[in-house]
Amino acid sequence: MPASALMNVMIGAARKAGRSLARDFGEVEHLQVSLKGPANFVSAADTRAEEIIFAELSKARPGYGFLMEERGEVTGADTTHRWIVDPLDGTTNFLHGIPIFCISIALERDGELVAGLIYNPVSNDTYVAEKGKGAYLNDRRIRVAARSELAASVIGTGIPHSGRPGHDGFLKELRAVMSVSAGIRRTGSAALDLAWTAAGRLDGYWENALNAWDIAAGIVLMKEAGGYVTDTDGKDTMLKTGGIVAGNETIHLKLLKLLKAANATPPSAAASPKPAKAG
Ligand code: IPD
Ligand code: CA
Ligand code: CA
């Protein structure tokens, strides 16, 4: 894709923040062995990356608003434009020295997502898409996979962990998808899950309880890669509901049906074991 002025701005901000994240990632491994652990360090790395992105985008497009994970909502003088940014998606991976994390930047114009960028500074993979211009990975056009059978499909997801809701519901969904698909993957980065689905590495992806900054850029990538992406009710309200289902037209529909049916069934004994009766 001939890089537009807008995309050059987004790439410039992501690469600069990416250099900071990559440097900090190099330190994390040393910190793994310290007693205190790297948690505080990682949160500082996250904040540093966000500061860089905020400064770069504000300089290039003064007045645009922001929705950022750390900073929250920043209303700009230009209320028609809003950046939606996750400066570090895949924090748990970063903290554990696993090189699967990224920066995610999207631009909303008049309430519609018009551009998305996802950048992994370790692999140096840059995924970009602009409305109507297709989706690209490092200048190569990408498209969603063509598989139509779940039995041959690898499906990505996110697993709720401690402090997150929806454990029983997720187990029902997992049971339904794992029993009919070729494999499930959990990368630890919702943004990369969407980028990988747009690039055809994953055939489909679903997750619940996400935030707008996890998925905004990935939604643009999916649509521009010829894919389908909705919330779990098949609606275009993912940024609000936080549920997301993605794939090519067929896999997306099959996943939607499967998840709906799974959620209509009572939890299985395996999903939520009952305590044994005393006596
Ligand atoms: C998380 C990642 C993860 C998803 C979580 C998100 P963070 O974002 O995208 O894959 O399962 O729900 O919160 O915390 O690493 O920015
Ligand atoms: Ca995130
Ligand atoms: Ca984050």
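Predicted model: local features only at pLDDT ≥ 70, side-chain atom pairs only at ≥ 80, totals over all residues.
Figure 1. Residues are numbered from 1 along each chain as its sequence is written, chains are lettered from A and ligands numbered from 1 in the order in which they are written, and side-chain values use heavy atoms, with hydrogens and water left out. The C-alpha trace spans about 65 × 50 × 35 Å along its principal axes.

Figure 2. Buried means under 20% relative accessible area, exposed over 50%, and partly exposed in between (1.4 Å probe, protein chains only). Of the contacts (heavy atoms within 4.5 Å) with a separation of 6 or more, 61% come from residues 24 or more positions apart.

**Figure 3. Here's the site of the calcium ion (ligand 3), with Glu69, Asp86 and Leu88 as its protein donor residues.** Glu69 (OE), Asp86 (OD), Asp86 (OD) and Leu88 (O) lie 2.1 to 3.1 Å from the ion. Donors are N, O and S atoms within 2.8 Å of the metal (3.2 Å for Na, K and Ca); water is not among the atoms, so sites may look incomplete. In sequence, the donor residues follow the spacing E-x16-D-x1-L.

**Figure 4. Asp86 coordinates both the calcium ion (ligand 3) and the calcium ion (ligand 2).** The two ions are 3.7 Å apart. Asp86 counts as buried because its relative accessibility is 1%; Leu88, at 0%, counts as buried too.
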